[in-house]
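Colleague: Please take me through this model. I want each label tied to its cut-off.

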Amino acid sequence: MPQEVSVSYQAIKSKVYRLIDALVVGEKTEVEVQESVRRWWELIHPADRPIAQKYLLTVLERSRQALDAVVEGQVEANHCEEHRPSDSAKELKLVERMVKHTTKSASLSTSA
């Protein structure tokens with residue numbers, strides 16, 4: 001019987017932050033983080049996935065806002081007018097696409 005994971009907002013936020021930290025400190029590569037997310041998503045019961053997706057996207061959006069605020073603070077601190085646009089919107093779309101693909105794959109495998 002497969003292990004199921006919590007889909008509370010706090011549990012999802014903790015998972016995302018642990019993955020971000022592992023990437024930042026070099027414990028994981030981007031590919032390893034993506035694989036970890038795929039494995040984690042498979043542990044979530046299909047009935048719980050809509051709420052898990054909602055919480056995941058909320059955490060990612062708030063994280064993006066925090067990163068943008070850090071960048072803006074750094075730009076202002078340096079009195080620099082140049083600002084590199086954030087790639088986080090692109091990354092958020094990639095995560096959304098991956099979650100939708102995983103959800104579709106799981107629903108196809110359970111209906112087969």
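What follows is a short exchange on the labels used for this chain.

Modeller: This is a predicted model, where local features need pLDDT of at least 70, side-chain atom pairs count only at pLDDT 80 or more, and totals for chains, interfaces and linings use all residues. Residues are numbered from 1 along each chain as its sequence is written, and side-chain values use heavy atoms, with hydrogens and water left out.

Colleague: How many helices and strands are there in the chain?

Modeller: There are 4 helices and 0 strands. The order from the N terminus is α-α-α-α. Helices are DSSP runs of H or I with at least four residues, strands are runs of E with at least two, and both are numbered from the N terminus.

Colleague: What is the span of H3 from its first C-alpha to its last, and what is expected?

Modeller: H3 has 29 residues and reaches 41 Å, close to the 42 Å expected at 1.5 Å a residue. The expected span is 1.5 Å times one less than the number of residues. Just after H3, His-79 has a positive phi of about 50 degrees.

Colleague: At what angle do H2 and H3 pack, and how far apart are their axes?

Modeller: Helix H2 (residues 30-43) and helix H3 (residues 49-77) pack at about 145 degrees, with axes 10 Å apart. The axes are lines fitted to C-alpha atoms, for helices over the stretch in contact, and the angle runs from 0 to 180 degrees between N-to-C directions.

Colleague: Which residues meet there?

Modeller: From H2 come Trp-40, Trp-41 and Glu-42; from H3 come Arg-49, Ala-52, Gln-53 and Leu-56. Contact means heavy atoms within 4.5 Å. By class, this contact has 4 nonpolar, 1 polar and 2 charged residues. Nonpolar covers Ala, Val, Leu, Ile, Met, Phe, Trp, Tyr, Cys and Pro; charged covers Asp, Glu, Lys and Arg; the others, Gly among them, are polar.

Colleague: Why is Ile-51 called partly exposed?

Modeller: Buried means under 20% relative accessible area, exposed over 50%, and partly exposed in between (1.4 Å probe, protein chains only). Ile-51 has 31%, so Ile-51 is partly exposed. Ile-51 sits in helix H3. Its C-alpha is 7.3 Å from that of Val-7, 44 residues apart in sequence.

Colleague: What makes Asp-48 partly exposed?

Modeller: Asp-48 has 29% relative accessibility, so Asp-48 counts as partly exposed. Asp-48 lies in the loop between H2 and H3.

Colleague: Which residues of H3 are buried?

Modeller: Among them are Ala-52, Leu-56, Val-59 and Leu-60. Over the 112 residues of the chain, 23% count as buried.

Colleague: Why is the pair Tyr-9 and Tyr-55 called edge-to-face?

Modeller: Rings of Phe, Tyr and Trp (its six-membered ring) pair if their centres lie within 6.5 Å; planes under 30 degrees apart are stacked, over 60 edge-to-face, and the rest tilted. The count by this rule is 2 aromatic pairs. Tyr-9 and Tyr-55 stand 5.8 Å apart, centre to centre, with 90 degrees between the planes, and are edge-to-face. This pair joins helix H1 (residues 9-24) to helix H3, 46 residues apart.

Colleague: Which residues touch the most other members of the largest nonpolar core?

Modeller: Of its 13 residues, they are Ile-12, Val-16, Trp-40, Ile-44, Ala-52 and Leu-56. H1, H2 and H3 each supply at least two residues. Such a core is a set of buried Ala, Val, Leu, Ile, Met, Phe, Trp, Tyr and Cys residues joined through side-chain atoms within 4.5 Å.
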